[in-house]
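Keep the structure open as you read.

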Amino acid sequence: MLELLKQPWPWYTSGAAIAFIMVLLLLYGKSFGVSSNLRTLCTLAGAGKKVKFFDFNWRTQKWNLLFLFGSVLGGIIAATVLKSEHPLQLSEATVNDLQTLGINFDGQLNPAQLFGPVFFSSPKGFLILLVGGILVGFGARYAGGCTSGHAISGLSNLQIPSLVAVVGFFVGGLIMTHFLLPLIF
Amino acid sequence: MKGLKYITTGILFGIIMAKSEAISWYRIQEMFRFQSFHMYGIIGTAVTLGTIAVYLIKKFRIRDTQDNLIVFHDKDRTWFRYIIGGTIFGLGWALTGACPGPMFVNVGYGYGAMLLIIFGSLLGTYFYGVVKDKIPH
């Protein structure tokens with residue numbers, strides 16, 4: 001069993017498991033959406049004293065912080081007891097495309113070139129990771145949700161605004177991938 | 001402890017995200033280049049099964065564990081925020097390969113650089129709170 005779980009999971013297993021997570025939270029009386037935690041964390045850091053948007057009772061969101069904490073633990077488990085010994089099976093076309101950007105495929109989940117200590121401590125690398133994070137945080141709150149809240153919860157409830165947000169996610173992603181990344185790297 | 005079920009659910013979520021490779025920068029690049037079905041398969045399966053589940057929950061008026069009727073709140077029918085906010089999110093998603101869930105899973109996985117992305121996302125969220133009433137929605 002453990003050997004089976006250690007393999008990379010096929011997409012249908014993962015998709016079904018994500019739907020299961022959403023249903024489980026609904027049965028607990030909550031709704032699946034991760035990015036609202038970022039707002040709660042700002043409130044915990046004291047942002048509510050200066051900005052009204054963060055002045056709310058964070059205890060109503062305690063469950064979601066615990067969920068987020070659990071997801072970090074899940075990451076640790078996946079990287080240790082459930083770690084796959086096989087390299088990631090990335091499509092050949094992507095490997096070649098990234099090569100032209102100067103990013104080498106190393107078979108891991110994330111390129112060490114972008115997430116390793118060398119890149120992190122260079123001014124350019126520091127800026128890329130920081131600005132990328134700012135765009136994600138600002139965009140998620142502006143759009144009222146991220147991939148979990150809109151793409152999974154919203155679409156499952158047939159919400160047109162969520163569909164518009166998801167189209168936006170892709171428009172932004174395509175612009176970055178095809179026009180901006182070649183300029184950045 | 002009452003919160004344990006949320007931690008357990010989170011652990012499950014983290015394992016799923018990592019084992020499905022949805023937390024991988026490479027996989028996100030592959031998706032935005034339309035070079036593999038993998039990520040579309042994950043999202044497609046989740047949404048298809050999710051839609052069926054939500055339909056059944058509504059149809060049979062399922063109650064949650066506190067015996068309250070499970071209700072769904074409709075999203076605001078404004079458009080600007082979804083288009084512009086969504087696009088800004090997408091720019092960051094393709095650059096860092098991380099959405100708000102996976103960036104935390106990645107920290108657990110051992111990618112310390114993700115802490116900088118998380119810090120950035122908190123700055124971005126804070127910035128939204130500051131300018132919220134001054135930007136169109």
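Helices here are DSSP runs of type H or I with at least four residues, numbered from the N terminus, and lining residues have an atom within 4 Å of a cavity point. One caution before going on: this is a predicted model.

**The enclosed spaces**

With those terms in hand, look at the largest cavity, where α9(A) gives the largest share of the lining, four residues. The helix α9 spans 147–156 of chain A, and chain B joins in with α1 (4–19), α3 (38–59) and α5 (100–109), each of these helices supplying at least two lining residues. In total, 18 residues line the largest cavity. If you want to find its centre, go to A:Thr147, A:Ser148, A:Ile152, B:Met17 and B:Cys99, which lie nearest to that point.

How many cavities of 30 Å³ or more are there? The count is two. The second largest cavity also has residues of both chains in its lining: A:Leu114, A:Phe115, A:Phe119, A:Ile128 and A:Leu129 from one, and B:Trp25, B:Leu95 and B:Thr96 from the other. Here α6 (112–115) and α8 (123–142) of chain A, together with α4 (80–96) of chain B, each provide at least two lining residues.

The table sets out volume and lining class for both.

| Cavity | Volume | Lining by class |
|---|---|---|
| Largest cavity | about 230 Å³ | 15 nonpolar, three polar, no charged residues |
| Second largest cavity | about 30 Å³ | seven nonpolar, one polar, no charged residues |

**Where the chains meet**

Now for the contact itself. It takes 121 residues from chain A and 106 residues from chain B. Between them, the two chains bury about 10,000 Å², with 77% of that area on carbon and sulfur atoms.

Which residues form a salt bridge? A:Asp97 pairs with B:Arg33, and their closest N and O atoms are 3.5 Å apart. The count of salt bridges between chain A and chain B is one. Polar contacts across the interface come to 31 residue pairs, counting pairs with both residues at pLDDT 80 or more.

On the side of chain A that touches chain B, helix α10 (residues 160–184) gives the largest share, 19 residues. By class, that side of chain A has 80 nonpolar, 33 polar and eight charged residues.

Key: Residues are numbered from 1 along each chain as its sequence is written. Chains are lettered from A and ligands numbered from 1 in the order in which they are written. This is a predicted model: local features need pLDDT of at least 70, side-chain atom pairs count only at pLDDT 80 or more; totals for chains, interfaces and linings use all residues. Side-chain values use heavy atoms; hydrogens and water are left out. On a 1 Å grid over the protein atoms alone, a cavity is a set of points where a 1.4 Å probe fits but cannot get out, and a pocket is an open set with protein on both sides within 12 Å along at least five of seven lines; lining residues have an atom within 4 Å of a point. Grid points are joined across faces, edges and corners, and a volume is the space filled by probe spheres set on the points. Ala, Val, Leu, Ile, Met, Phe, Trp, Tyr, Cys and Pro count as nonpolar, Asp, Glu, Lys and Arg as charged, and the others, Gly among them, as polar. Contact means heavy atoms within 4.5 Å. Buried area is the accessible area (1.4 Å probe) that two parts lose on being put together, summed over both. A salt bridge is a side-chain nitrogen of Lys or Arg within 4 Å of a carboxyl oxygen of Asp or Glu. A polar contact is a pair of N or O atoms within 3.5 Å; within protein, one must be able to donate a hydrogen and the other to accept it, and residues adjacent in sequence count only if both atoms are side-chain atoms.
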